Amino acid sequence: MSTSTTEPVRDSESVRASEPARGSGDAPELTFDVLVIGWGKGGKTLAATLGGAGKRVGMVEQFDTMHGGTCINIGCVPTKTLVHDAEQRREDDDAQQFWARAVERRDTVVGKMRDVNHHMLADLDAVTLIDGRARFTADRTVQVTGGDDVLTASADVVIVNTGATPTRPDLPGIDSPRVHDSTTLQHVDPLPARLTVIGAGPIGLEFASMFAGYGAEVTLVNRRERVLPEEDEDVAAEVTSVLEGDGIRVLHEASAVRIEDGSESAVVLVRVGSEERRLEADAVLLATGRRPATDDLGLEQAGIEVDERGAIVVDEHLRTSAEGVFAIGDVHGGAQQTYLSLDDFRIVLSQLQGDGERTTTDRVAVPTTTFLTPPLAAVGLTAGQALAAGRDVLVASQKVATIKAMPRPKAVGDPRGIVRFVVDAQSDEILGARLFHVDAQEVINLVALAMRTGTTATQLKNGIWTHPSSAESLNETLGKFGPVES
């Protein structure tokens with residue numbers, strides 16, 4: 001374990017767990033104004049902001065390869081880098097060589113961003129970086145262990161920001177070296193000719209789409225009767241059509257029974273209805289969800305409550321059941337998105353340095369994107385959800401290939417997808433949108449802003465957008481509202 005301050009220090013000034021503490025005791029004892037456990041988006045932004053304001057901040061991170069957090073090291077940035085490169089592959093490219101170059105570029109991007117994030121805190125005089133595993137031993141006090149070294153850190157305010165980890169189902173054969181999670185599959189070598197993906201949530205869909213782009217033969221094991229069961233039928237059907245058009249075999253109402261490891265490949269036994277199938281695979285991805293990373297944090301020692309999934313229980317101000325302890329990011333459950341972790345930072349900062357008024361209930365029209373090819377972006381209600389809520393609903397839905405006023409997808413060679421809007425028939429209020437097309441991850445932000453500001457569907461339809469752009473779909477599609485089809 002090592003600690004580092006933000007200014008160059010001589011060896012004699014470094015705090016080492018094996019040295020006597022400053023004061024008394026057998027191990028170093030550090031005290032801070034604020035202690036952050038976990039270097040995620042919200043945590044690092046709080047540390048930088050408070051450290052820049054002169055607060056004494058300690059940042060504990062278990063792995064030096066995670067400086068900057070999940071998003072830039074193993075999550076959003078590296079996977080979307082790989083998605084982008086998969087979209088550039090041509091049929092005559094050698095799949096293995098292309099994959100190796102893509103992984104190398106992924107690692108270069110991550111390395112540069114990790115270095116920037118490290119210096120974001122390391123260059124602040126008030127911040128101390130501590131590498132090691134933290135565990136609560138008392139109120140607002142943790143013991144940090146790195147190898148054989150141990151130190152104690154305490155603070156007036158503690159921020160738990162440890163994120164989430166992949167779940168591992170109780171599945172025989174899961175310890176096969178050919179079985180991966182979403183982190184290890186990013187460095188699989190060689191590129192699997194055959195990939196079986198267990199789980200059809202956002203991660204499963206993204207990786208299935210990505211590896212199909214690299215030339216793998218992909219089978220997606222979906223336990224539901226269709227993909228995206230929470231979405232309206234036409235959106236789910238269009239996504240399925242695109243996946244299958246890219247050569248992905250989707251098994252619905254299917255569940256993995258066990259994994260058998262052979263000398264040349266693995267065999268995934270899958271039950272589809274009453275039938276059992278054997279899927280040969282060079283690699284298997286477990287995409288069965290992620291759970292809050294709270295195991296062995298000693299939360300009970302600090303009186304911090306968790307729910308049945310292990311998520312830290314928080315109120316609308318992100319305060320835990322322990323005085324002076326906040327939880328931000330994926331560790332408190334709910335949607336796992338970097339931009340929500342950033343908003344968690346704003347809420348906690350409001351508590352520590354502002355008027356304390358900002359809460360999680362302020363969030364309206366939060367968009368999401370699943371980075372398929374093309375991306376699927378969503379905000380607000382589906383038609384089914386709006387009807388269930390008692391709203392009088394109109395729907396506009398168009399296949400991208402039929403939208404005359406939207407030439408950009410055609411110009412870049414991918415006119416697949418669908419645009420679907422749901423509005424209140426009486427007020428013209430935009431209730432929700434599903435955009436499945438080129439640039440959807442950008443256009444959805446415009447729609448979300450319109451929903452937050454009360455911009456009506458008619459105003460959005462009559463907007464002036466650049467040409468050629470994917471936003472131009474709004475001019476045409478929003479003029480085609482009709483009743484919900486039964």
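Select Pro 407 first: this residue lies in the loop between strand S21 (393-399) and helix H9 (408-411). The model on display is a predicted one. At 25% relative accessibility, Pro 407 counts as partly exposed. Leaving aside neighbours within four places in sequence, display its contacts, which are His 467, Pro 468 and Glu 472. Pro 407 and His 467 are 60 residues apart along the chain, and their C-alpha atoms are separated by 8.4 Å.

Next, select His 467 and Pro 468 together. The peptide bond between these two residues is cis, with omega near -5°. Pro 468 belongs to the loop between helix H11 (457-461) and helix H12 (473-477). A cis peptide bond also joins Asp 189 and Pro 190, where omega is about 0°. Pro 190 is placed in the loop between strand S9 (179-180) and S10. As background, most peptide bonds are trans.

**Colouring by confidence**

The average is 93, and 94% of the residues score at least 70. Over residues 4-24, however, the pLDDT is below 50, and this stretch has 38 contacts in the model beyond near neighbours in sequence.

**Two residues with positive phi**

Most residues other than glycine have a negative phi. Select Arg 140, where phi is near 50°, a positive value in a residue that is not glycine. Arg 140 is found in the loop between strand S5 (133-138) and S6, and is partly exposed, with a relative accessible area of 26%.

Move along to Thr 141, which lies in strand S6 (residues 141-146). Is Thr 141 buried or exposed? Its relative accessible area is 18%, so Thr 141 is buried, the cut-off being under 20%. Apart from residues up to four places away in sequence, Thr 141 touches Arg 135, Phe 136, Thr 152, Ala 153 and Ser 154.

Then select Asp 439, in the loop between strand S23 (430-436) and helix H10 (440-453). Asp 439 also has a positive phi, about 70°, although it is not a glycine. With 19% relative accessibility, Asp 439 counts as buried.

**Helix H7**

Display residues 338-353, which form helix H7. Its 16 residues should span 22 Å at 1.5 Å a residue, and the end C-alpha atoms are 22 Å apart, so the two values agree. The buried residues of H7 include Leu 340, Phe 345, Ile 347, Val 348 and Leu 349, and also Asp 343 and Asp 344. What do the buried residues of H7 pack against? Their partners are helix H1 (41-52), strand S7 (149-160) and strand S18 (325-327).

**Helix H4**

Turn now to helix H4, residues 95-122. At the start of H4, zoom in on Asp 94, where a side-chain oxygen reaches to within 3.2 Å of the backbone nitrogen of Gln 96. Among the buried residues of H4 are Phe 98, Trp 99, Ala 102, Val 103, Arg 106 and Asn 117.

**The largest nonpolar core**

In soluble globular proteins, nonpolar side chains tend to be buried together. Here the largest nonpolar core has 39 residues, and those with the most contacts inside it are Phe 211, Tyr 214, Val 218 and Leu 220. The elements that give two or more residues to this core are helix H3 (76-88), H4, strand S10 (194-198), helix H5 (202-213), strand S11 (217-221), helix H6 (233-245) and strand S16 (283-286). Which element gives the most? That element is H5, with six residues.

Select Val 218 and display its surroundings. Not counting residues up to four places away in sequence, Val 218 touches Leu 195, Val 197, Ala 208, Phe 211, Ala 212, Gly 247, Ile 248 and Arg 249.

Finally, show the aromatic rings, where the count comes to five aromatic pairs. One of these is formed by Phe 207 and Phe 211, which are stacked, at 6.3 Å centre to centre and with 20° between the planes. Both residues lie in helix H5, four residues apart, about one turn of the helix. Phe 207 and Phe 211 are both buried.

How values were computed:
Residues are numbered from 1 along each chain as its sequence is written. This is a predicted model: local features need pLDDT of at least 70, side-chain atom pairs count only at pLDDT 80 or more; totals for chains, interfaces and linings use all residues. Side-chain values use heavy atoms; hydrogens and water are left out. pLDDT is the predictor's confidence in each residue, from 0 to 100. Contact means heavy atoms within 4.5 Å. The expected span of a helix is 1.5 Å times one less than its number of residues. Buried means under 20% relative accessible area, exposed over 50%, partly exposed in between (1.4 Å probe, protein chains only). A polar contact is a pair of N or O atoms within 3.5 Å; within protein, one must be able to donate a hydrogen and the other to accept it, and residues adjacent in sequence count only if both atoms are side-chain atoms. A nonpolar core is a set of buried Ala, Val, Leu, Ile, Met, Phe, Trp, Tyr and Cys residues joined through side-chain atoms within 4.5 Å. Rings of Phe, Tyr and Trp (its six-membered ring) pair if their centres lie within 6.5 Å; planes under 30 degrees apart count as stacked, over 60 as edge-to-face and the rest as tilted.
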